[in-house]
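Colleague: I have a two-chain model to look through. Can you walk me through it?

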Amino acid sequence: MSARHSRPRVGIGLRAPHYRELLGTLPALDFLEVHAENFFHAGGAVLAVLEAVRAHYPLSLHGVGLSLGSADGLRETHLDKLAALVERVQPEWVSEHMAWAAVDALHMADLLPVPTTDEALTRMAEHVDRLQTRLRRPILVENISSYLRYQDGGQGDLAFLAGLARRTGCGVLLDVNNLYVNAINHGFDALAELHSLPADCVGEIHLAGHSETPLGLIDTHGSPVCEDVWQLYRAAIAHCGPQPTLIERDTDIPSLAELLAEADQARCCLGAPVHV
Amino acid sequence: MSELLTLQREFAAALRQPERVPAMLARLIGPASRNADLLSIYRANSVGNARAALRLAYPVCAEVLGEECFSLLARRYWQAVPATEGDLNLYGGAMPAFIAGQEDLVSLPWLADLAQLEWALHEAGMAPDHAPRPFVELAALSPESLAGLRLGFQPALRLIPSAWPIASLWQQHQPAWRAEHGEVFRLDDCGPENALIHRTGWRPAVLALPPSQARLLAALLAGEALATALAAASAEDPAFQAEHALYELFSCGLVTALIPGDAP
């Protein structure tokens, strides 16, 4: 999954409060990432914005609700909508999560942790295979923050994802903040976990903020990237190379300028010239 | 039986039913009391994401009810009507009926209809794009062709008859109205309203239709021929002006197809 572009690439998550300013100013960014489900409509203004944006920037389509880890199969309607959107906007990358949300007729509207068992790996591999066959392209699968640990399954999430990549040819979207949050909450060595991931399967990196609570760190995507996460990010780059990097913010969305400043900080870490 | 399926069913049940929490806790590493708190984070996320989706679809209902009351309503709705799919833009369609069934909301008898209007508006924003037809296409037809003509309408269009002035109520909660009139509600002289939800370009919009115009549109939406629909509207209001009413339908960009047919 090594980068086809020699120049390191940095992007931000495109969120509704920034639509107008971003299209008006077209800041120097190498790509934009959007949540696929926000664009599942048949038509309307939001899709028109996405069409306008993709005329200027490569897109990364990030799914949050497909539930790749469901024990009882993929939801066909969701798969159909995702495939139609990929066909329509031709993103550079498509990604989803090592997570489940749907069981029976319920969708929990959250990213719930998958146990690192053989059965879960087999099911996820089937689903990734189906998705990749349907989209006719490899996808990236992201490690999530999880607050609970199951008794089933003993290996780390990144080792699990390495197995998934081996079986399906998918890449890994390494979320450095999620790795950090889990390492602190569950008391493992983030660097050792990082090195359990073969360097060549990482295709994108996510950076985000988290909140500190009495129960531990919560992955809120609501604050700037913290210094510890920047440090782990530098270690990640040293391990798997200057992969395309995204600054992700979903709550308490700051000014576009603030996100662009964080994107520049990532650029510095990647050793890339900062756009002026 | 799949171990993974059992685990996921127990997890989902623990999020929705307090009595199912202990079974889930037994599957986790670490102190049970702490794990119960951690499980609450997931429950709060699930409720919070549902609430955010509902707030997006029902901004005026949320404003009418206020933060606390709307959150409580959203929580009850999440409990009664769980999301069934990962596209949360589709979550909340049963809210009008749900509101109608809430005993402590009987003092707001119009709220269910207002919710129906907001859901139609929410759907209108996501409806397929359309190309309106100009009025001249109608004006160019012979009287014989006109009599048997059927009209096709933009996919976003919904007509919601209400015993309450829901279109005016909705309008008076919009920033443009507030800028001009302040927070002054002028509903006393508004009676029942027929709310027309549609899209002008990208913008979802609401209009209140006079009864005869609503009758015309309802007949045309039901696939009646133009002559039949116009007769129904005239029966509703003897002062009904056919040409003006038809012009309005076209000038609002509602008509997307002129379909020739036999006169009734």
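Predicted model: local features only at pLDDT ≥ 70, side-chain atom pairs only at ≥ 80, totals over all residues.

Colleague: Start with chain A. What is its count of helices and strands?

Modeller: Chain A has nine helices and twelve strands. Its C-alpha atoms fill a box of roughly 50 × 40 × 40 Å along the principal axes.

Colleague: How does the radius of gyration of chain A sit against a compact globule?

Modeller: It agrees. A compact globule with 276 residues would have a radius of gyration near 19 Å, and chain A has 18 Å. Buried residues make up 53% of the 276 residues in this chain. Take the contacts in chain A between residues at least 6 apart in sequence: 76% of them join residues at least 24 apart.

Colleague: And chain B, what is its secondary structure?

Modeller: Chain B comes to 14 helices and five strands. Its radius of gyration is 24 Å, well over the 18 Å that the globule rule gives for 264 residues, so chain B is more spread out than a compact globule. The C-alpha box is roughly 80 × 50 × 30 Å, again along the principal axes. Buried residues are 36% of the 264 in chain B.

Colleague: What share of the contacts in chain B is between residues 24 or more positions apart?

Modeller: 69%, counting contacts with a separation of 6 or more.

Colleague: How is chain B divided into domains?

Modeller: Domain 1 covers 1-108 and domain 2 covers 113-264. Their C-alpha centres lie 36 Å apart.

Colleague: How many residues of each domain of chain B are in contact with the other?

Modeller: Eleven residues of domain 1 are in contact with nine of domain 2. On the domain 1 side, the elements that give two or more residues are helix H4 (59-65) and helix H6 (95-100) of chain B. That side divides into seven nonpolar residues, three polar and one charged.

Colleague: Which UniProt feature is placed at residues 7-99 of chain B?

Modeller: An unreviewed UniProt entry places "domain: Putative DNA-binding" there. In the model, residues 7-99 of chain B are 72% helix and 0% strand. The end C-alpha atoms of that stretch are 34 Å apart.

Colleague: Since E6 came up, where does Ala109(A) lie, and is it buried or exposed?

Modeller: Ala109(A) lies in strand E6 of chain A. With 24 other C-beta atoms within 10 Å, Ala109(A) is buried. Its phi is near 55°, a positive value in a residue other than glycine.

Colleague: What about Asp104(A), where does that lie?

Modeller: Asp104(A) is in the loop between E5 and E6 of chain A. Its phi is positive too, near 50°, and again the residue is not glycine. Asp104(A) counts as partly exposed, with 13 C-beta neighbours inside 10 Å.

Colleague: Now the core. How many residues has the largest nonpolar core?

Modeller: It has 148 residues. Those with the most contacts inside it are Val141(A), Val172(A), Val176(A), Leu207(A), Leu117(B) and Ile197(B). The largest share, ten residues, comes from helix H7 (residues 111-126) of chain B.

Colleague: Why does this core lie between domain 1 and domain 2 of chain B?

Modeller: Because both domains give residues to it.

Colleague: Which residues is Leu207(A) in contact with?

Modeller: Leaving aside neighbours within four places in sequence, Leu207(A) contacts a set including Val176(A), Val225(A), Tyr233(A), Ile247(A) and Ala266(A).

Colleague: Last one. Where is His35(A) found?

Modeller: His35(A) is in strand E2 (residues 31-35) of chain A. It is partly exposed, with 16 other C-beta atoms within 10 Å. Beyond neighbours within four places in sequence, His35(A) is in contact with His62(A) and Val64(A). The C-alpha atoms of His35(A) and Leu191(A) are separated by 29 Å.

Note on methods
Residues numbered from 1 in each chain as written. Chains lettered and ligands numbered in written order. Domains from an automatic or database assignment. Contact = placed C-beta atoms within 7 Å. Helix = DSSP H or I, 4+ residues; strand = E, 2+ residues; numbered from the N terminus. Nonpolar A, V, L, I, M, F, W, Y, C, P; charged D, E, K, R; others polar. UniProt positions renumbered as here; feature names shortened; annotations may be inferred. Rg over C-alpha atoms; globule rule 2.2 N^0.38 Å. Buried ≥ 20, exposed ≤ 12 C-beta atoms within 10 Å, placed from the backbone. Core = buried A, V, L, I, M, F, W, Y, C linked by C-beta atoms within 7 Å.
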